[in-house]
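Thanks for coming. I have one structure to go through today, so please bring it up on your screens.

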Amino acid sequence: MRRRWMAAVAVSMAGLLTLSACGGGDKQDTAGGPAAHRKVEVFSWWTGPGEADGLKAMREIFAKQNSNFEFFDAAVAGGSGDQARALLSSKLQANQPPDTFQGHAGAELQGYIKSGKLESLNFLYDELKLKDVMPQQLIDQITVEGQVYSVPVNIHRSNVLWFNPSVLKGAGISGAPKTVDEFVADLDKVKKSGKIPLSIGSQWTLVHLLESVLLGSLGTDAYNALWTASSDWSNADVTKALENFKTILSYAGTPQDDWQPAAKQVADGEAAFNIMGDWAYGYFHNPPEGGLGKESKKDFDWAASPGTDGTFMWLSDSFTLPKGAPNRDGAIAWLKVAASKEGQDAFNPLKGSIPARKDADQSLYKDYLSWSLEQWAGDKLAGSIQHGVVANDTWRTSITDAVGLFQQDKDVAKLQQALVAAAKNSGQ
Amino acid sequence: MTRVRRWLPGLLLVSPSIVLIAVFVYGLLGWNLKLAMTDKHNEIAEIPGNFAGLENFTGIWSEERWGLSVRHSIVFTVVFVAGALVLGWLLAFLMEKGIRAESGFRAVYLFPMAVSFIATGVVWRWLMNSATGEHAVGLNRLFHSMGLDFLQWQWFRDPDWGMAAMAIPAVWQMSGYIMALFLAGFRGVPDELREAARVDGCGEWGVYRHVVLPMLRPVTLSALIILGHISLKVFDLVVAVSGKQIITDVPATFMWTAVYDSHDPAKGATIASYIVLSVVIFVVPYLIWNARKGNRP
């Protein structure tokens, strides 16, 4: 009797396993139904405070304009999009793309473009006349062989130097350093005053620091040339820049877990400087649930990272149109919202970034954001390494590896060799 | 007919799991090995990749990061396995001496095993914060407030011994389980044997040395296998404590970056093959030993 009962359990377990194995197939069948025609699957990694609010605001506009489509939020949690991108690349490889997905504009999308996973959006740019309302340099930097493949919905700035005014005053420094040399001198003064000169986070924040130091040491044109076909990573200027990186790193405090605790050291007056993207502003400024509730210009202040005044090192979240999107019309309707003035003005103040369009409503952007908007209008542009603008994934990973190894052995010659090899093997 | 009736239901009962394991374990292992022997270094492009033999397997040794992750893995394994074995044995030894409320202590020591490595990692990430002096938090703070500042160190950020620190949470988590194994082993030694040894003039230490310890050998071996294979494929703990940083890189995290960051499936498959291979080196001798023992009358 007992044995029969056991057998029944075992058989039903096996049945369950087989059923769950077929689950994927069932979903496919229903996807062809009439309800699914309306659904627009929007894939992103915006689940955190601020960014999720921004997405919701855009979603409301989408719902208002498109009664025939239904927004489906396919967001995957995880700050920098690591998990989301891992899932995305396997979906794209299996030719089961979402209707539209978020990606950093620029080289990060190149892998997808080269393997023919994305549709060119030139038709949309022409229809909406986007080339007239977005900066020419931005369009140039995201164009691949005459085609644009994504719609940038926002702009973040990467080269921002955050500092604590009272710590600076305590060390006898009058204002933010303008050049890399001044920066090093100031770091030294802070060190003598007993505070941490520069706070750093986990390994990727060093790549973030490196891109600012490269830009500040080489100048905008030489920096941008590093990412072209005629790039030369082995020259003496790069050596000098990497020497600067080493010097600056020697003033860094103990690495923190991530960028937030590192930024917090500046806000708390333990450290003087931190170089981080402008999402740090939201962290400093927002009320205590998601931020530190600090007052800008008093508890913390900002400037262009040393030597980069007049250049805006940008990164951008953008949306794409994958080839074979199940609901192509719905995806295009979403892209139109993402590209529109109304959509960008709804999204960006909440996310803490500025719109990619030049004709945005400036009154919506206050404090840091108004500064950023002003710089965006006049500055030259350079693309971020860490955040996927100038280097494709393979290249960026090699750079990250090289910086991670450098963090341990501090060997400039070896770092430069690794960077030269990374450029050569990037396939970009 | 009766014979069929004897074995068929049993076979039917296990066949789903045989099929599932054949496909999803051994089939995928084979597929992974095949992928590791191709030159498919681009995940997204739809090229099948050509056969490249063992090129990936030899090529990876010229990468500095690979050498580092192997070295880290060895340090972690040595500290973790030795630490958990010694601590587990010690706990079991003390329990075996007979204490009050033994089952309570057993539960307390076993409990960490109910926690996942991720949760352990999140807590220990704070405990092992590397800030020192007045900024210290976690264990360094504890040392500071006890006036033991000389004990403060960089924990997992130390370039030479960081992986040893990384093994501490793992030891914390697994030593209770090892204790349970050893305790069962201790209990398995019949009292008659101990008595006999005592009658033969053994001191208390001699009883352990000549009677109890030799009988613990199978338990020690099982413990070694269990700890060894956990250690060689450790991933969740490392990611929870330090994320993807080269300073604590192990083969499994390297595989993650190879596949998902640089989109290089062949390299990822190569690393995966090496991980499986290293576990095999641990497990196969055990299986052989086990099979021989089982065959003995």
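**A sheet and an interface**

Let us start with the sheet in chain A: 5 strands form an open sheet, ordered β2-β1-β3-β13-β6, with mixed pairing. Which strands sit at the edges? They are β2 (70-73) and β6 (150-152) of chain A, and each of them pairs on one side only. From one strand to the next, the twist averages 30 degrees. Please keep in mind that this is a predicted model.

Now look at one pair of strands. Strand β1 of chain A, residues 39-43, runs parallel to β2(A), and 4 bridges join them. As one example, E41(A) has F72(A) as its bridge partner in β2(A). A helix also packs on this sheet: α4(A) touches β1 and β3 (100-104) of chain A, and its direction makes about 130 degrees with that of β1(A).

Next, the interface. Chain A puts 33 residues into the contact, and chain B puts in 27 residues. About 2700 Å² is buried between chain A and chain B, and carbon and sulfur atoms give 55% of that area.

How many salt bridges cross between chain A and chain B? The rule finds 4. In one salt bridge, R157(B) is joined to D257(A), with the closest N and O atoms 3.8 Å apart. On the side of chain A that touches chain B, at least two residues each come from α1 (2-31), α4 (82-93), α5 (110-114) and α19 (393-409) of chain A. Of these, α19(A) gives the most, with 9 residues. By class, that side of chain A has 10 nonpolar, 15 polar and 8 charged residues.

Key
Residues numbered from 1 in each chain as written. Chains lettered and ligands numbered in written order. Predicted model: local features only at pLDDT ≥ 70, side-chain atom pairs only at ≥ 80, totals over all residues. Heavy atoms only, no water. Contact = heavy atoms within 4.5 Å. Buried area = accessible area lost by both parts, 1.4 Å probe. Salt bridge = Lys/Arg side-chain N within 4 Å of Asp/Glu carboxyl O. Nonpolar A, V, L, I, M, F, W, Y, C, P; charged D, E, K, R; others polar. Pairing = 2+ DSSP bridges. Axes fitted to C-alpha atoms, helices over the stretch in contact; angles between N-to-C directions.
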